[in-house]
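Me: Got a model up on my screen and I'd like to talk through some strand pairing and charge pairs. Can you walk me through it?
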Amino acid sequence: RCDNATRCIPKSWLCDGHADCQDHTDEQGCALKECGPAEFACRSGQCVALALHCDGDHDCQDGSDEEGCAVPRPLLCREGEVRCSHSGECVPEAWRCDGAADCGDGSDEQVSGAITTPWPTTTTPGPSSSAWVVTPTPPLRSSLAHPLTPVLHLSCPRTHVLCRDGTGCVAQEYLCDGEKDCADGSDEDGCAQLCNTPGRSHSSYPCTLGSCLNASLVCNGRQDCADGSDEGGNCSVPCQRSCAHLCYPSPQGPRCWCGPGYRLAEDGLSCMDIDECMEWDKRACSQTCLNAPGSYSCGCLPGYLLEPDGHICKLTGPEPKLLVAVQSEVLSYGLRSGHEEVVLATDKDRVIFSLDYDLVERKVFWMDLATESIRWQDLHSGKKGTLVKGVRSDCIAVDWLGRNLYWTDGAAGQVLATRLGASWQGIPEYTVVMDGDLDQPHSLVLQPLSGLMYWSEVGSHARLMEASMDGSRRHVLLAQGLGWPTALALDLPAQRIFWLDEKLGSVGSAHLDGSSVKVLKLHWVRSPFAAAVCEGQLYWSERKTWSVQQVDKASGKNRTVLLKRHGQPHGLQVPTWGPPNPGTNGCAKSNGGCAQLCLPNP
């Protein structure tokens with residue numbers, strides 16, 4: 001019980017590192033977590049593998065695993081690494097200028113005197129470039145006369161705008177959105193004309209110098225705008241207009257205003273209800289949304305609980321874990337505690353490519369590139385085996401309900417499937433679900449409860465596709481505005497599909513029927529391989545920067561680098577049950593009456 005005895009939260013949320021009570025009582029008096037005998041205890045509360053202590057990399061968030069190390073760091077860095085200027089450790093060259101400080105002294109993110117290799121000074125910025133150059137900022141969008149001025153510091157991608165202090169870039173979508181994304185707040189300057197744009201909320205008055213003032217403060221006898229533009233003029237003219245809601249005086253004469261949850265109509269008199277549930281940009285609710293006149297309310301599906309902010313739904317069960325393949329290992333990362341552990345390891349010369357998780361038998365399945373086989377391991381008993389050999393796959397996906405495993409073969413242009421319970425007997429046992437008219441199928445995700453599958457095609461004409469799990473009723477979900485959608489993820493509670501586009505450097509999402517498309521250009525999306533959505537966050541693996549990152553799934557903001565390792569991350573999953581659904585997966589009971597393979601056809 002928390003929030004002055006007005007709200008109850010699951011006991012599993014106590015001391016999980018995230019305040020779920022408004023009064024933070026669930027995170028007070030918490031004892032530090034005890035690390036296992038094979039782990040190192042960070043001062044920040046994390047537990048990392050003991051082998052990572054004094055290995056030259058900061059694996060603790062506070063870097064405490066590299067403090068007081070008796071073994072001197074090597075004089076030379078390994079191939080593909082660079083040395084930090086003051087702290088002396090070696091970091092992968094791919095981590096330089098990636099927006100996150102990996103050197104203890106932060107020199108990998110500084111413009112000069114940072115790292116032993118020279119910084120680029122003449123690179124022409126492309127869509128995903130973050131190089132330090134001496135070229136001016138690209139011009140701003142013509143629809144907004146923004147006061148951000150070009151300076152000779154950081155060069156931004158075409159889809160971004162340079163902050164006035166030259167220390168960062170923000171996406172054009174973030175200009176004048178009410179949040180300060182630049183450190184100096186310059187992305188919110190000069191936005192006065194947006195205070196009274198037709199179709200927007202009319203509860204604020206534009207000061208001449210750029211800020212927006214609450215309408216009730218206008219013509220009140222005090223200068224609330226810095227330049228005094230909210231007083232004088234025609235303030236004394238009485239309100240005699242037929243306003244639907246309110247009429248306030250202004251220096252330009254009486255004006256109509258609308259209450260919260262409404263916007264002024266084009267006639268300047270009427271007020272229209274704002275349907276917050278339809279405005280994805282505002283991220284009204286993370287799951288279900290119910291619009292009401294002048295307001296709205298959020299709700300959560302069974303298995304979730306609404307957070308104190310009234311918007312985000314949080315899983316009520318155990319802490320969700322992120323499974324990510326890094327070279328020959330599979331790591332488990334606690335999405336609330338930040339606890340990391342290796343749950344699966346193969347031979348060092350093998351690469352775990354794509355992976356997925358069986359929710360029923362708690363097995364991890366993965367594609368082994370070296371042996372061209374799909375293998376599995378029980379995370380509890382440690383038992384392992386081979387499902388099928390002699391196959392090549394770009395992506396695998398588990399139908400935990402119908403008990404099948406699917407995979408894409410981009411070179412052959414096929415989607416194939418086999419039984420989860422199959423065992424390698426020397427002869428491949430699988431079936432071709434779809435063949436022909438597939439233009440390099442790549443990422444694949446399943447919706448077992450509905451018997452549907454979604455995949456991306458990255459050939460000459462990129463597109464997103466949907467079909468029944470037996471390959472029937474195939475149709476195009478989206479075919480416009482795509483470059484190379486290499487990573488897909490389903491957000492079933494919100495009924496949306498997400499993709500990351502390597503060619504365009506963007507994150508996109510759409511409703512599962514292909515409507516309500518939203519695309520955000522994010523310059524740190526460079527080489528995405530796999531993605532997953534959990535609660536309010538989008539997670540993905542970046543091969544070029546050897547990292548796993550997260551952003552707010554709706555706004556693309558609050559980017560965080562969760563993991564960085566000496567090795568490329570590939571497959572990534574957050575194993576969670578889907579929302580309750582009557583279900584149309586005909587193979588869920590008795591294998592659909594089939595003697596061998598059953599493919600759902602809802």
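Me: Which residue stands opposite Gly508 in S34?
Reply: Trp499 does. Strands here are DSSP runs of E with at least two residues, numbered from the N terminus, and two strands pair if DSSP finds at least two bridges between them. It's a predicted model, so local features need pLDDT of at least 70, side-chain atom pairs count only at pLDDT 80 or more, and totals for chains, interfaces and linings use all residues. Residues are numbered from 1 along each chain as its sequence is written, and side-chain values use heavy atoms, with hydrogens and water left out.

Me: How many bridges join S33 to S34?
Reply: 6, and the two run antiparallel. In their hairpin, with 4 residues between the strands, Gly505 has a positive phi near 60 degrees.

Me: Switching to charges: how many salt bridges in the whole structure?
Reply: The search finds 11, each a side-chain nitrogen of Lys or Arg within 4 Å of a carboxyl oxygen of Asp or Glu.

Me: What does Arg336 pair with?
Reply: Glu535, with the closest N and O atoms 2.4 Å apart. Arg336 is in the loop between S18 and S19, and Glu535 in the loop between S36 and S37, so they tie together parts 199 residues apart in sequence.
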